[in-house]
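Could you read through these notes with the model open beside you? They are meant to be checked against the coordinates point by point.

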Amino acid sequence: MTLDESKLSHRFTEHGGVRLHYVEAGDGPLVVLLHGFPEIWYSWRHQIPALVEAGYRVIAPDMRGYNLSDKPEGASAYGVNELTADVAALVQASGAERAAAVVGHDWGGGVAWEFAARYPALLDRLVVLNCPHPARLLAGFRTAQQLRKSWYMFFFQLPKLPELAARRDGFAWLRAAVKDDPRRPGAVSDEDLAHYVEAWSQPGALTAMINYYRALFRPASLRGLGRPPRIDAPTLVIWGEHDRYLGSELAEPDPALVPNARVARVPDASHFVHYDRPEKVNQLLLDFLR
């Protein structure tokens, strides 16, 4: 389905002195869409119109540090406490008592996992695209195979150099990640890519985006990974099988921690499964919500 941006409302809300930008569309039960790295709200361009047509109200924020949302200084501003509290603020700003679902991809998926554990009263269902449950991620870091795939997470711990590398040649590295990683030809057009480049060009954006990874390796965050969250909400994991960043063995959450989960594996889809197979992802999402 084609996104008609003229039908979107651009809004702002504030949490803890950080102003968050989000788009909103539709009427009905609330669905919150959380993007990953290095994306923005626009990454949900295929899902927003499908959800609205199916009778849902959609909120898709620029996560803090991205695009039109504020970019607080310091890695500590991007810890899981702050990121999950932002989602709670968005739900509360919507006027809804709770979300019918919180849906997250990549880093948005990591925030969604933690949000479901910390704020269970604010959502009915959880959907995660190509992001392992924190306990699975920690287990993956104990293997050489996943450590090789996750090399960039460790590179991002360096000061300044990651920002320089990301900015080089007109964001060539980030542009390749978004446009060349999907397996479907033409999944990301030049017009689509322009939305991302504009966002990456915002002052302070690259440092803010990379600070998510810096915060992840702070002692408090690592201790949190050692206390894996239990999630009782019905959960759907959608996993593109050709993910070059995360091993497919990480898709299945531990049943003891997520007892009401099922995994839908999507063949011939990359880490950006919602770009590669938007119709399939929409079908899975809507069937699960119904």
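1. Basis of the notes. The model is predicted, so local features are given at pLDDT of at least 70 and side-chain atom pairs at pLDDT 80 or more, while totals for chains, interfaces and linings use all residues. Residues are numbered from 1 along each chain as its sequence is written, and side-chain values use heavy atoms, with hydrogens and water left out.

2. The sheet as a whole. An open sheet with mixed pairing is formed by 8 strands in the order β1-β2-β4-β3-β5-β6-β7-β8. Because β1 (9-15) and β8 (261-270) stand at the edges with a single partner strand each, one side of each is left without a neighbour in the sheet. Neighbouring strands of this sheet are turned by 20° against each other on average, direction ignored; the axes behind such angles are lines fitted to C-alpha atoms. Strands here are DSSP runs of E with at least two residues, helices are runs of H or I with at least four, and both are numbered from the N terminus; two strands count as paired if DSSP finds at least two bridges between them.

3. β1 and β2 pair in the antiparallel sense over 7 bridges, with H15 opposite V18 in β2. The two strands form a hairpin with 2 residues between them, and G16 in the turn has a positive phi of about 60°. On to the next strand, β2 pairs with β4 (residues 57-61), again in the antiparallel sense, over 4 bridges, and A25 stands opposite V58. Strand β2 (residues 18-25) is mostly covered, 7 of its 8 residues being buried, that is, under 20% relative accessible area with a 1.4 Å probe and protein chains only, where exposed is over 50% and partly exposed lies in between.

4. The β6-β7 pair. Strand β6 (residues 123-129) and strand β7 (residues 235-242) pair in the parallel sense over 4 bridges, and L129 stands opposite I238 in β7. D124 also belongs to β6; its relative accessible area is 35%, so D124 is partly exposed.

5. Helix α12. This helix (residues 278-289) has 12 residues and reaches 16 Å from its first C-alpha to its last, close to the 16 Å expected at 1.5 Å a residue, where the expected span is 1.5 Å times one less than the number of residues. Among its buried residues are P278, V281, L285 and F288.

6. The cavity. How many cavities of 30 Å³ or more does a search of the whole structure find? The search finds 1, and about 30 Å³ of space lies in the largest cavity. Its lining consists of L20, P61, D62, M63, R64, D86, V87 and L90, and helix α2 (residues 80-93) gives the most, with 3 residues. A cavity is a set of points on a 1 Å grid over the protein atoms alone where a 1.4 Å probe fits but cannot get out; a pocket is an open set with protein on both sides within 12 Å along at least five of seven lines, and lining residues have an atom within 4 Å of a point.

7. The pocket. The largest pocket has a volume of about 910 Å³ and is lined by 44 residues, of which W107, L137, Y212, Y213 and L216 lie nearest its centre. The largest share of this lining, 5 residues, comes from α3.

Notes: Points joined across faces, edges and corners; volume = space filled by probe spheres on them. Axes fitted to C-alpha atoms, helices over the stretch in contact; angles between N-to-C directions.
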